[in-house]
Amino acid sequence: MANVAVIGAQWGDEGKGKVVDWLASRADIVVRFQGGHNAGHTLVVGNQTYKLSLLPSGVVRGKLGIIGNGVVLDPDALLGEIAKVRAQGLDVGPHNLRIAENTPLILPLHPALDKAREEARGEHKIGTTGRGIGPAYEDKVARRAIRLCDLAEPETLSTKLDELLLHHNTLLKGLGAATFEKQELLDKLLALAPQLLPFSEAVWERLDEARHSGKRVLFEGAQAVMLDVDHGTYPFVTSSNTVAGNAAAGAGVGPHGIGMVLGIAKAYTTRVGSGPFPTELKDDIGKRLGEVGHEFGTVTGRPRRCGWFDACLVRQAVKVGGVQGLVLTKLDVLDGLTELKICTGYEIDGEVFKRLPAAAAAQAKARPIYETLEGWTQSTRGARSWAQLPATAIKYVKRIEELVEAQVTLLSTSPERDDTILVSDPFAG
Ligand code: GDP
Ligand code: IMO
Ligand code: MG
């Protein structure tokens with residue numbers, strides 16, 4: 001099977017965009033299968049930097065991009081992003097971007113509810129991106145979502161808006177937030193229809209055709225396993241399944257169609273938003289990781305929390321995410337640290353755990369158990385072969401492989417596309 005799926009193995013921002021862009025040269029089609037514009041994927045190609053949220057990262061290589069039904073789609077965000085990348089010289093239109101007709105839409109009432117609820121949570125807030133992702137997925141599961149195909153049916157839109165507004169205005173009113181008018185929303189959707197419908201199709205059919213003609217498909221995950229709604233640090237998670245298994249449901253292919261699963265992990269750990277983070281460093285080392293790694297959210301601009309590599313967590317992500325090959329990124333950010341730590345287990349109320357328990361209070365109490373390794377003073381930034389890496393850096397990578405029970409497929413040593421070490425070709429199957 002010459003397909004590849006790329007998923008995050010920590011709490012997001014591992015460098016999935018860079019990896020997908022790099023791998024896209026070997027693929028024909030790049031498919032987003034979950035999440036929405038809460039994702040922020042940064043690609044650096046020469047002197048151009050592309051920041052993508054909804055567009056599959058393959059568009060930068062001119063590959064066919066598909067937004068699958070598992071995504072929640074904000075029409076304004078999509079059209080804004082298309083305009084932005086066009087201004088950067090990329091050619092994006094219905095000829096190279098297809099969107100599943102059954103994709104649920106994010107409407108203005110979704111971010112409004114997202115923000116009102118976060119405010120009401122106060123100090124218990126999740127730290128969402130405020131983009132309406134959670135409320136949009138709730139509507140999908142509750143069977144009241146407006147989907148892309150509904151834009152072609154004004155009658156359906158009208159009926160669905162009645163149901164949506166009954167639900168949302170009741171909630172918004174209860175939270176003391178502004179409510180929405182049906183006519184305004186209907187007019188907006190009808191105006192969007194001619195702009196969006198040219199992208200709409202049964203993408204499952206195109207993917208089935210691609211399978212028959214031996215085309216290579218790259219599935220691009222957003223967020224990460226520790227933000228997965230089932231397997232992550234619930235409730236401090238996003239509202240979709242981020243594991244590779246969801247690539248099948250979120251794109252409309254069978255489970256055998258996903259191919260080789262790559263899990264992306266940074267050589268340390270970061271997290272945006274609230275929630276447990278056992279290896280978080282609130283000291284100078286954490287600050288240094290943030291500065292050297294430029295750890296600021298692509299979407300929110302908020303500084304990311306930083307800490308040591310948590311092998312326990314990534315091992316868990318490897319198992320539940322179905323990861324067959326590890327991509328380790330940002331090794332260069334550790335340059336100059338003479339001592340490195342890797343978390344190999346947790347201590348909770350005097351007991352030792354080899355996995356993060358599911359219960360929220362236990363997660364919050366988890367204290368990391370560390371193994372200490374020698375660092376390196378040489379620069380690894382921009383390295384493109386193992387031979388350019390110091391022996392201690394190779395040792396660090398090898399120890400991670402052992403602990404997380406996955407072999408390294410790719411290694412990334414700078415934001416730049418080609419500063420990548422290929423160990424084995426994931427498309428080789
Ligand atoms: P994604 O959400 O997983 O696609 O990751 P983001 O793009 O949000 O965040 C990763 C950041 O790290 C981006 O700014 C990338 O340009 C950058 N990056 C990716 N790989 C490397 C690397 O190997 N070294 C360094 N220094 N930066 C990297
Ligand atoms: P990429 O694809 C990092 C986090 C938010 C918040 C939680 C829920 O760039 O890795 P949501 O808006 O999804 O309801 O927020 O999930 N989050 C991310 N953190 N990278 C992302 O995407 C994220 N997408 C959502 O910060 O903690
Ligand atoms: Mg990101």
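Predicted model: local features only at pLDDT ≥ 70, side-chain atom pairs only at ≥ 80, totals over all residues.
Strands (E, at least two residues) and helices (H or I, at least four) are DSSP runs numbered from the N terminus, and two strands pair if DSSP finds at least two bridges between them. Residues are numbered from 1 along each chain as its sequence is written, chains are lettered from A and ligands numbered from 1 in the order in which they are written. Local features need pLDDT of at least 70 and side-chain atom pairs count only at pLDDT 80 or more, while totals for chains, interfaces and linings use all residues, and side-chain values use heavy atoms, with hydrogens and water left out.

- E18 pairs with E17 (residues 408–412) in the antiparallel sense over 3 bridges, and Leu 410 stands opposite Leu 422 of E18.
- E2 runs parallel to E5 (residues 64–67), to which 4 bridges join it, and in E5 the bridge partner of Val 30 is Gly 65.
- E2 also pairs with E8 (residues 217–220) in the parallel sense, again over 4 bridges, with Ile 29 opposite Val 217 of E8.
- In a regular strand the side chains alternate between the two faces of the sheet.
- Both faces of E2 are covered, since Ile 29 and Val 31 on one side and Val 30 and Arg 32 on the other are all buried, where buried means under 20% relative accessible area, exposed over 50% and partly exposed in between (1.4 Å probe, protein chains only).

- Asp 13 lies in the loop between E1 (4–8) and H1, and Gly 40 in the loop between E2 (29–32) and E3, so the pair ties together parts that are 27 residues apart in sequence.
- Gly 40 is buried, with a relative accessible area of 13%.
- Gly 40 and Val 408 are 368 residues apart in sequence and 24 Å apart in space, C-alpha to C-alpha.

**The largest pocket**

- The largest pocket has a volume of about 910 Å³; a pocket is an open set of points on a 1 Å grid over the protein atoms alone, with protein on both sides within 12 Å along at least five of seven lines, and lining residues have an atom within 4 Å of a point.
- The lining holds 48 residues, of which Asn 38, Ile 133, Val 237, Thr 238 and Ser 239 lie nearest the centre of the pocket.
- Helices H3 (109–121), H4 (133–141) and H8 (245–251) are the elements that give two or more residues to this lining, and H4 gives the most, with 7 residues.
- The lining of the largest pocket divides into 16 nonpolar, 23 polar and 9 charged residues.

**The second largest pocket**

- About 570 Å³ of space lies in the second largest pocket.
- Of the 26 residues that line the second largest pocket, Thr 42, Gly 293, Arg 304, Lys 330 and Pro 415 are the closest to its centre.
- Helix H1 (16–24) and strand E3 (41–45) are the elements that give two or more residues to the lining of the second largest pocket.

Conventions
1 Å grid on protein atoms, 1.4 Å probe; cavity = no way out; pocket = protein on both sides within 12 Å on 5 of 7 lines; lining within 4 Å. Points joined across faces, edges and corners; volume = space filled by probe spheres on them. Nonpolar A, V, L, I, M, F, W, Y, C, P; charged D, E, K, R; others polar.
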